[in-house]
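Welcome! Please take a moment with the sequence and the 3D view before reading on.

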Amino acid sequence: MPALDDFCSIIPAGGVGSRLWPLSRADAPKFLHDLTGSGKTLLRATFDRLQPLAGPGRTIVVTGRAHRAAVEAQIPELDDASIVLEAEPRDSTVAVALAAAILRRREPDVIVGSFAADHVIDDERSFRRAVAEGVAAARSGRIATIGITPTEPAIGFGYIRTNGPAEIEGAPSAAIVREFVEKPSADRARRYVESGEYLWNAGMFIARADVLLEELAREEPELAGHIDELAEVWDEPSKRGPAVDRLWPQLKKIAIDYSVAEPAAARGTMVVVPGHFDWDDVGDFSAVAKLHNGGRRGRLAILGTAGTVLADSASGIVVSQSNRIVSVVGIKDVVVVDTPDALLVTTTANAQRVKKVVDAVRLSGNTDVL
């Protein structure tokens, strides 16, 4: 598939991934780790996945100032104009909308697509086909998202409810979005999957930059105004710094789902392209274990220095980053993460609760391990 001439990709690379503590930390967040055993970090894999679609020099990474060096080391192809540094985290609306506004200044009719830096996608050909349909939908003035065909009644994802075909040229599988729904209970998730009307919300958004920013201006006019002011001077370093110092503290923290996607769905201008490919947001250590075990129970995944891990009649996952010998005997679905300064022991069933441990550590004042 040739590159899409009017398309630029945006990779928001933020967030700590607190459910993957103590592996993922503020100075080494989830997207800078190889969690799949591919030899690539999640960020590098995301960049490589998008290059055939966007083409050289048409990807922007939005990340924190503290991660600039690591991002440049991972993706040396990026020039200064392709890295947008956030003064402080301001959630996904600012990350995506600021990049879109900067790109619109450079190329007024550009179509942008936002794809998280820390997701895992195996079938890249199917992914590219879905993105191409999303770009076709964006050319018609719609805002598009890619929804993942559910493989189970998962309770860790939001869902997208569809409402019949969108009938857009070049996007034959696109459907009208009826509504976005939050993470459901187990019973409700089962009903969603059985109905065939719902897709997982993977947080991928594609739109003409001007359309996305107009939608934001309807819902959050003050935030949209601040972003426009920043974008106007972004490519002038002497003006950018003072503008960031003045405006960044005023930027509202809000997810793009609430500022753009849900309002667009309510107006009938949001469409979804079903993604028929394996996708995982690698949200916790249970997900990491599944990636390495092929979804099969009864096996022990080992990340890190395998020679230091001894196991007998054990399953789950061990992440070893220290010189200690880790022995796991007779424990099923265990999670052990051993680092030089912190040790986590839990089970895959409780992997989502690791975030509460991180919150407790933060309250204790031991922020050096975060």
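What follows is a short tour of a serine, a pocket and some backbone details in this predicted model.

Let us start with S126, which sits in helix α4, residues 124-139. S126 counts as buried because its relative accessibility is 12%, and the cut-off for buried is under 20%. The side chain of S126 makes a polar contact of 2.6 Å with that of D123. Beyond its neighbours within four places in sequence, S126 touches H276 and F277.

Next comes the second largest pocket, with a volume of about 200 Å³. Among the residues lining this pocket are R65, R68, D80, W234 and R240. Strand β3 (83-86) and helix α8 (237-247) each give at least two residues to the lining. By type, the lining has six nonpolar residues, one polar and four charged.

Now for the backbone. Most residues other than glycine have a negative phi, and most peptide bonds are trans. Against that background, the bond between W21 and P22 is cis, with omega about 5°. P22 belongs to the loop between β1 (7-13) and α1 (42-54).

Is V282 buried or exposed? V282 is buried, because its relative accessible area is 0%.

Terms used: Residues numbered from 1 in each chain as written. Predicted model: local features only at pLDDT ≥ 70, side-chain atom pairs only at ≥ 80, totals over all residues. Heavy atoms only, no water. Helix = DSSP H or I, 4+ residues; strand = E, 2+ residues; numbered from the N terminus. Buried < 20%, exposed > 50% of the residue type's maximum accessible area, 1.4 Å probe, protein only. Polar contact = N/O pair within 3.5 Å; in protein donor to acceptor, adjacent residues only side chain to side chain. Contact = heavy atoms within 4.5 Å. 1 Å grid on protein atoms, 1.4 Å probe; cavity = no way out; pocket = protein on both sides within 12 Å on 5 of 7 lines; lining within 4 Å. Points joined across faces, edges and corners; volume = space filled by probe spheres on them. Nonpolar A, V, L, I, M, F, W, Y, C, P; charged D, E, K, R; others polar.
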